[in-house]
Amino acid sequence: MLGGTFDPVHIGHLRSAVELCEALALDRVHLVVNRQPPHRATPGVSARDRLAMVAAGASDTPGLIVDDREIERDGPSYSLATLESLRAEYGEHARLVMAIGMDAFRHLAEWYRPEALFEQAHVVVIERPGSSFTPSAALTALIEPRRCDSIESLMVKPHGGFLHLPLPNPIKVSATELRERIDSGRSIRYLVPEAVERLIVQRGLYRHGGSAGR
Ligand code: ATP
């Protein structure tokens, strides 16, 4: 699972999902769209529009699943509830992985019941250029006992491990940068799939004061 607000989805998310799928030999990666992220402001663009962008961006990419289960659920989008629901779907023996970028990982110890996440899935952290940091004591205590030093040692179990996984093509783009670009009329070409750019233009998303976001 790779969860996010996807506000909007971009090539950093999509390329990471494809590379995760390959590196860990996963059957599929669920792109789970948050309805109401617990740790940040509710996005200005509706969950339905963000889901539509993820669907347009992922399109028919092998292995990518556009997942609306958090949108269909009431209340804050706790990852624990999402993992429990994936676990119920795939069964107790399936190897489940929750992948997060380095920026989100920084705050993992502050998430809802962080230890319980490891009872459902492995946690794999992927690089984001410019997001290195010194982990807090709480984060260190959470991950160190669970750290694995290779993909093989992680994937022998169905859950419970932690792995720092450098991907071959880290991409610096962020949704914040894209929102700013669109709002000020600058180009987002090639930073999102063409179909996502088309949807943004058609629905007039992220434009407050700027001219057409192309
Ligand atoms: P924002 O700029 O609004 O914070 P974002 O670009 O970080 O958005 P999110 O939807 O918050 O996008 O990210 C979902 C998940 O994808 C998070 O775990 C995040 O760390 C990860 N992620 C986002 N962008 C990248 C990227 N360029 N490379 C790798 N991981 C990324």
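Helices here are DSSP runs of H or I with at least four residues, and strands are runs of E with at least two, numbered from the N terminus. By that count, the protein chain has ten helices and six strands. This is a predicted model, so local features need pLDDT of at least 70 and side-chain atom pairs count only at pLDDT 80 or more, while totals for chains, interfaces and linings use all residues. Residues are numbered from 1 along each chain as its sequence is written.

**Around the ligand**
- α1 gives the most residues to the shell around the ligand, three of them.
- The shell has 19 residues, and Gly4, Gly12, Gly101, Ala175 and Thr176 come nearest (near means a C-beta atom, placed from the backbone, within 6 Å).
- Elements giving two or more residues to this shell are β1 (2-4), α1 (11-23), β4 (97-101), α5 (102-105) and α9 (175-183).

**The whole chain**
- Of its 214 residues, 35% count as buried, that is, with 20 or more other C-beta atoms within 10 Å of their own, C-beta atoms being placed from the backbone.
- The C-alpha atoms of the protein chain fill a box of roughly 50 × 35 × 30 Å, taken along the principal axes.

Methods: Buried ≥ 20, exposed ≤ 12 C-beta atoms within 10 Å, placed from the backbone.
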